Amino acid sequence: MASFMKFSDLMKKRQTLSFEVYPPKTEKGMNNLPGMIRRLGELQPDYISCTYGAGGSNVGKNREVLREVEKVAVPVTHLTCIGQTKESVRRQLQAYLDQGVTHILALRGDIPYGQSGTGGEFSHATDLVAFIRKEFGTAFEIAVAGTPGGHVECSSLEADIMHLRQKQDLGADYIITQLCFDMDVFRRWHEAIRKAGITIPVDAGIMPVISKKSVINQCFSHNACPVPRDLALVLTQNWFDTDPEGNEIPGAREAFREEGIAYTVRLLEQYIAEGIDGIHLYTMDRSEDVREVLQRAGLR
């Protein structure tokens, strides 16, 4: 296993670049995993996070991904509250420690369809952060999620920021934001959390605009992510992929991809100009697209 500095030391380096990946769902995807991680590693990320299925549904694949990640960057595992007991979390955290994974993104997680709560002993990410610190002290560096547009289940942005302040006070080390394509929304949120006494670093979560379906799904399925007019125009002007008979329109997907990458590059430039602590790219496991975005933005 490669050796990397502690995240608290790494975060003194500004600005950081990091990626999110997820465990492939198919055998072919798992076979391609080492190559995909290696290509991301060539971009010299400071850390790579890996998603985690509700209740540990893909924890085996999660650990396999992390084993590949630790060859090229600091591995960060997601951990959710869904279906978790204190004992299951304690057991999983010890297994991560035994593997050498000491960085956690603590999340409540998305409530499964038809379920009214987390179905476990942890109701909120604050509960998870408090438990990790109580049981494991400073063994883990803990990231938490921030929502510039406000969490869909929170009564107000002010209340959402109060919960984020609680995560910091309970021991969170840094924040990774949910998607935010609207810089005006992000600036207001960033200023508000600092006024609320939240001082830990913020890494802005950005999904490259490559796939129309992915953008629509991520913005509206769980996140209620604000869509600014310039992104709406990219979607609207490239809406039709097929003609009325269902035949694919030649060049339509390529045109959307080109405009989407150009939009993503402009967004990255705005975040960097804002002085954000780090950029966290949601890769959707598309390493070559990420490489092109970073190269065109002049970041790699």
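How many strands form the closed barrel, and in which sense do they pair? I opened the predicted model with this question. I found a closed barrel of 8 strands, in the order S1-S2-S3-S4-S5-S6-S7-S8, with parallel pairing.

**Entry: strand S3**

I asked next how many residues of S3 are buried. The count is 7 of the 7 residues, so S3 is largely enclosed by the rest of the structure. I also sorted the residues of S3 by direction. Val-74, Val-76, His-78 and Thr-80 point one way, while Pro-75, Thr-77 and Leu-79 point the other way. Both sets are buried.

**Entry: partners of S3**

I checked the pairing of S3 with strand S2, residues 47-50, and noted 4 bridges in the parallel sense.

**Entry: strands S7 and S8**

I looked up S7 (residues 202-206) and S8 (residues 278-282), which pair in the parallel sense over 4 bridges. The residue opposite Ile-206 is Leu-281 in S8.

**Entry: helices on the strands**

Which strands does helix H4 lie across? I found that H4, residues 86-99, lies across S3 (74-80) and S4 (103-107), and that H4 runs at about 170° to S3. I recorded helix H6 (residues 157-170) beside this, packed on the sheet and touching S5 (141-146) and S6 (174-177). The direction of H6 makes about 180° with that of S5.

**Entry: helices H10 and H11**

At what angle do H10 and H11 pack, and how far apart are their axes? I read an angle of about 55° between H10 (residues 252-274) and H11 (residues 287-296), with the axes 9 Å apart. H10 and H11 are therefore oblique to each other. I noted their crossing as right-handed.

I then listed the residues that make the contact. From H10 these are Arg-257, Glu-258, Ile-261, Ala-262, Thr-264, Val-265 and Leu-268. From H11 they are Asp-289, Glu-292, Val-293 and Arg-296. By class, I recorded 5 nonpolar, 1 polar and 5 charged residues in the contact of H10 with H11.

Definitions and conventions: Residues numbered from 1 in each chain as written. Predicted model: local features only at pLDDT ≥ 70, side-chain atom pairs only at ≥ 80, totals over all residues. Heavy atoms only, no water. Pairing = 2+ DSSP bridges. Helix = DSSP H or I, 4+ residues; strand = E, 2+ residues; numbered from the N terminus. Contact = heavy atoms within 4.5 Å. Axes fitted to C-alpha atoms, helices over the stretch in contact; angles between N-to-C directions. Parallel < 35°, antiparallel > 145°, perpendicular 65-115°, else oblique. Left-handed = near helix turned anticlockwise from the far one by under 90°. Nonpolar A, V, L, I, M, F, W, Y, C, P; charged D, E, K, R; others polar. Buried < 20%, exposed > 50% of the residue type's maximum accessible area, 1.4 Å probe, protein only.
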